[in-house]
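Student: I should like to learn how to read the features of a structural model. May we work through one together?

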Amino acid sequence: MTDLDLTLNDPPVREDGLCAVDGKERPELAVEKGDPFCSQLCCRVYYGVVFPSDANSRPNAKRRKREAGEEVTMTGRRKVAKV
Ligand SMILES: [Zn+2]
């Protein structure tokens, strides 16, 4: 994917000033920046970049569990002393 043009073109800001994706009101900051989306999520939805975590927005919970379970694997060590 070397020649991929990553220049993203935002959709024009709607005449009514609402989010281009879900039609919600945009926060002041977005209006200031001329950002046509009300949130980063809407931006990602527009460009087709949606994370699984967006669905149940609970950051960290899953990752912590996985890290805790990873240490269990180092138990199978036994010395074989054969002469
Ligand atoms: Zn939106």
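Student: Which residues does Ala-30 touch, not counting residues up to four places away in sequence?

Tutor: Two residues are in contact if their C-beta atoms, placed from the backbone, lie within 7 Å. By that rule, Ala-30 touches Asp-35, Phe-37 and Cys-38. Please note that this is a predicted model, in which local features need pLDDT of at least 70, side-chain atom pairs count only at pLDDT 80 or more, and totals for chains, interfaces and linings use all residues. Residues are numbered from 1 along each chain as its sequence is written.

Student: What is pLDDT, and what does the protein chain average?

Tutor: pLDDT is the predictor's confidence in each residue, from 0 to 100. The protein chain averages 76, and 60% of the residues score at least 70.

Student: How many helices and strands does the protein chain have?

Tutor: Helices (H or I, at least four residues) and strands (E, at least two) are DSSP runs, numbered from the N terminus. Here there are three helices and zero strands, giving the pattern α-α-α along the sequence.

Student: Where in the protein chain is confidence lowest, and where is it highest?

Tutor: Confidence is lowest in helix α3 (residues 61-69), with a mean of 51, and highest in α1, at 94. Over residues 70-75, pLDDT stays under 50, and the model has zero contacts beyond four places in sequence for them. Where pLDDT is low, the predicted coordinates should not be read in detail.

Student: Why is Ala-30 classed as buried?

Tutor: A residue is buried if 20 or more other C-beta atoms lie within 10 Å of its own, exposed if 12 or fewer, and partly exposed in between; C-beta atoms are placed from the backbone. Ala-30 is buried because 20 other C-beta atoms lie within 10 Å. Ala-30 is placed in helix α1 (residues 28-33). Across the protein chain, buried residues make up 8% of the 83 residues.

Student: Which residues make up the largest nonpolar core?

Tutor: A nonpolar core is a set of buried Ala, Val, Leu, Ile, Met, Phe, Trp, Tyr and Cys residues joined through C-beta atoms within 7 Å. The largest one holds five residues: Cys-19, Ala-30, Phe-37, Cys-38 and Cys-42.

Student: Where does Pro-36 lie, and is it buried or exposed?

Tutor: Pro-36 lies in the loop between α1 and α2 (40-47). Pro-36 is buried, since 21 other C-beta atoms lie within 10 Å. Pro-36 and Cys-19 are 17 residues apart in sequence, yet 5.6 Å apart in space, C-alpha to C-alpha. Not counting residues up to four places away in sequence, Pro-36 touches Asp-10, Pro-11, Pro-12, Val-13, Arg-14 and Ala-20.

Student: In which helix is Tyr-46 found, and why is Tyr-46 classed as partly exposed?

Tutor: Tyr-46 belongs to helix α2. Tyr-46 is partly exposed because 17 other C-beta atoms lie within 10 Å. Beyond four places in sequence, Tyr-46 touches Pro-11, Ala-20, Val-21 and Phe-37.
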